[in-house]
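This report walks through one protein chain, from its overall fold to single residues. Please keep the sequence and the 3D view open while reading.

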Amino acid sequence: SMAAPRLSLQDAKDAATMANEAMNEPAASQRLLAVQTECAGDISKFFMLAILAATEIVGPTLEKYGFERNQGGALAFVAALQAHNADPDLEKMATALKAKFMPSMPANVAMPSLPPQGAGAGGGPADEMPE
């Protein structure tokens, strides 16, 4: 497979913004929620379908920035964003995005996920996303 593209900080920010906006579209949120509901506790099926759905949702972002529109491309994209973790804004966006691709456990359907105590910088994914 082709080498994953590297993103400049500005491209990474633009791409992360585009991908997060796609994920936050009502239709995308509904779809990810439907996956959680459908899998009802079947963890392996849940991860498989969540990554598939997330990959399709951010497909246009992947394509625009030179990543393959498949699971490998999506994971390479998240890795390319995380290469810029020194930047606090981007680190927040990358964490929020990664949480959509690799959602915690379907248990969070039943109960709100609590941020870990004393997590320090960058606590739970998207618990306090400034608009």
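## A starting point

Where is the place of Ala 79? Ala 79 sits in helix H5. Helices (H or I, at least four residues) and strands (E, at least two) are DSSP runs, numbered from the N terminus. Ala 79 counts as partly exposed, because its relative accessibility is 41%. The cut-offs are these: buried means under 20% relative accessible area, exposed over 50%, and partly exposed in between (1.4 Å probe, protein chains only). Ala 79 and Ala 94 are 15 residues apart in sequence. In space, their C-alpha atoms are 8.8 Å apart.

This is a predicted model, in which local features need pLDDT of at least 70 and side-chain atom pairs count only at pLDDT 80 or more, while totals for chains, interfaces and linings use all residues. Residues are numbered from 1 along each chain as its sequence is written, and side-chain values use heavy atoms, with hydrogens and water left out.

## Overall fold

The protein chain has six helices and zero strands. From the N terminus on, its elements run α-α-α-α-α-α. Of its 131 residues, 33% count as buried. The accessible surface comes to about 7,700 Å². Carbon and sulfur atoms hold 57% of that surface. The areas come from the Shrake-Rupley method with a 1.4 Å probe; for residues, only the protein chains shown count as cover.

Contact means heavy atoms within 4.5 Å. Among contacts in the protein chain with a separation of 6 or more, 61% come from residues 24 or more positions apart.

## The nonpolar core

In soluble globular proteins, nonpolar side chains tend to be buried together. A nonpolar core is a set of buried Ala, Val, Leu, Ile, Met, Phe, Trp, Tyr and Cys residues joined through side-chain atoms within 4.5 Å. Here the largest such core has 30 residues. Leu 7, Met 23, Phe 67, Phe 77, Leu 81, Leu 97 and Phe 101 touch the most other members. Helix H1 (9-24), helix H2 (26-39), helix H3 (43-57), H5 and helix H6 (88-101) each supply at least two residues of this core. H1 gives the most, with six residues.

Which residues does Met 23 touch, not counting those up to four places away in sequence? They are Ala 28, Ser 29, Leu 32, Ala 54, Ile 57, Val 58, Leu 97, Lys 100 and Phe 101.

## Aromatic pairs

The structure holds two aromatic pairs. Rings of Phe, Tyr and Trp (its six-membered ring) pair if their centres lie within 6.5 Å; planes under 30 degrees apart count as stacked, over 60 as edge-to-face and the rest as tilted. One of the pairs is Phe 67 with Phe 77. Their ring centres are 5.4 Å apart and their planes meet at 70 degrees, so the pair is edge-to-face. The pair links distant parts of the chain. Phe 67 is in the loop between helix H4 (59-64) and helix H5 (71-82), and Phe 77 is in helix H5, ten residues apart. Both are buried.

H3 has 15 residues and reaches 21 Å from its first C-alpha to its last. That is close to the 21 Å expected at 1.5 Å a residue; the expected span is 1.5 Å times one less than the number of residues. Phe 46, Ala 50, Ile 51, Ala 53, Ala 54, Thr 55 and Ile 57 of H3 are buried. Their cover includes H1, H2, H4, H5 and H6.

Gln 71 lies in helix H5. It is partly exposed, because its relative accessible area is 40%. Leaving out residues up to four places away in sequence, Gln 71 touches Ile 51 and Thr 55.

Asn 20 is found in helix H1. It is buried, with a relative accessible area of 9%. Its side chain reaches the backbone oxygen of Met 93 at 3.2 Å. Setting aside neighbours within four places in sequence, Asn 20 is in contact with Met 93, Ala 96 and Leu 97.

Thr 61 lies in helix H4. Is Thr 61 buried or exposed? Thr 61 is buried, with a relative accessible area of 1%. Beyond four places in sequence, it touches Ala 15, Met 18, Ala 19 and Phe 77.

Technical notes. A polar contact is a pair of N or O atoms within 3.5 Å; within protein, one must be able to donate a hydrogen and the other to accept it, and residues adjacent in sequence count only if both atoms are side-chain atoms.
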